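Here are a few exercises to work through with the model open in your viewer. Try each one yourself before reading the solution.

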Amino acid sequence: MSVLFETSLGDIVIDLETELCPKTCENFLKLCKVYYYNLNAFFNVSKDFLAQVGDPTATGTGGESIWSYLASTSLTKSPNESKPSRYFAPEIRPRLKHTKRGTVSMAVAPALVDASGEHVQGGCGSQFFITLGDNVDYLDGKHAVFGHVVEGEETLEKINEVYVDQDSRPYKDIRIRHVVILDDPFADPPNLVIPPSVPTRPPDNSNRIAEDEDPLFQLPEEEEERIRREKAAAASALTLEMVGDLPFANVRPPENVLFVCKLNPVTRDEDLELIFSRFGVIMSCQVIRDKKTGDSLQYAFIEFDKREDAEQAYFKMQNVLVDDRRIWVDL
């Protein structure tokens, strides 16, 4: 009885101990079936020790058993029906130990006393871990072994070598991209409904490097310059909005309008119109001036009758001298 996990670092195939741990394996397989583990992040990776996953919140405090999950998502639940416990009793078998790398165990949450003093039962929910070292006997008898990795040793090695912070959370997300159930001997519960599609967004709010992002990737120099110019233009537009020259920072002029800046303060509307009219019919030409003093703000808008004329003027007039000033033209 096997499950294939397609992770962002490679595939892992897990064989399950369905005869020795039937309840644990049933819980695990049915959670896989409802896509509960899809896009979950490995939130705890300790070198040569273990890699933990299965908490949708990626905090180490979330997750629940399949029976609790089905009860919370059921539409036919009776008002008087009590919700099953978040956890189920762990199936700890003395013959199943954490002796080999790739041992798969359910994490066992301890019994707690909440703020009101009420006893909260512990046990197994959805979180599980894979050992990254041999003979991790410290975990024997404390957590429930229910499977072993039979394919994916290279993937385990990649996980073992990732960089983590002081809380053992990888700086770059490692996620379970997809789960394939290779064999399931257990009948589905009556209220189990398989979602119509797999999740496309991670269930947690990670601020880490995305699992498909390369932090060392660099854009070509031309692309970086284009992005820099766009950011500078957006900042300038926001400034114009703040001083009242633009009604809205994201407003875009029509494609037949040219923006001309770096003008000489002495340059007049009619001067610009005369210079640019050789490219086509000009509908309007206005040098923007201070509302109080009437002084030129050294930029202008020129509207052409045709977009093609505006494009031609854009290519021809860039960096041209007008009244001893090299102007800047943009669409």
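The exercises below use a predicted model and go from a sheet, to helices, to side chains.

**Exercise 1. Work out the strand order of the open sheet of 8 strands, and find its edge strands.**

Step 1: Trace the pairings across the sheet. The order comes out as β3-β4-β8-β5-β9-β2-β1-β10, with antiparallel pairing.

Step 2: Look for strands that pair on one side only. Those are β3 (44-46) and β10, the edges.

Step 3: Neighbouring strands here are turned by 30 degrees against each other on average, direction ignored.

**Exercise 2. Take β9 and find its partner strands, with a residue pair for each.**

Step 1: Start with β2 (residues 10-16), which is joined to β9 (residues 144-151) by 4 bridges, running antiparallel. Here I14 stands opposite V149.

Step 2: Now go to β5 (residues 103-109), which pairs with β9 over 4 bridges, again in the antiparallel sense. In this pairing, M106 has A144 of β9 as its bridge partner.

**Exercise 3. Which strands do helices α1 and α3 lie across?**

Step 1: Helix α1 (residues 22-33) lies across β1 (2-7), β2, β5, β8, β9 and β10, and runs at about 45 degrees to β1.

Step 2: For α3, the list is β1, β2, β3, β4, β8 and β9, with an angle of about 115 degrees to β2.

**Exercise 4. Is R169 buried or exposed, and what surrounds it?**

Step 1: Locate R169: it's in the loop between α3 (153-160) and β10 (176-181).

Step 2: Its relative accessible area is 12%, so R169 is buried, given that buried means under 20%.

Step 3: Zoom in on A58. Its backbone oxygen lies 3.5 Å from a polar atom of the R169 side chain.

**Exercise 5. Classify the ring pair Y299 and F301, then say how accessible each residue is.**

Step 1: Get the geometry: the centres are 6.2 Å apart and the planes are at 90 degrees. Planes over 60 degrees apart count as edge-to-face, so Y299 and F301 form an edge-to-face pair.

Step 2: Compare the accessibilities. Y299, at 10%, counts as buried, while F301, at 28%, counts as partly exposed.

Conventions
Residues numbered from 1 in each chain as written. Predicted model: local features only at pLDDT ≥ 70, side-chain atom pairs only at ≥ 80, totals over all residues. Heavy atoms only, no water. Helix = DSSP H or I, 4+ residues; strand = E, 2+ residues; numbered from the N terminus. Buried < 20%, exposed > 50% of the residue type's maximum accessible area, 1.4 Å probe, protein only. Polar contact = N/O pair within 3.5 Å; in protein donor to acceptor, adjacent residues only side chain to side chain. Phe/Tyr/Trp six-rings, centres within 6.5 Å; stacked < 30°, edge-to-face > 60°. Pairing = 2+ DSSP bridges. Axes fitted to C-alpha atoms, helices over the stretch in contact; angles between N-to-C directions. Contact = heavy atoms within 4.5 Å.
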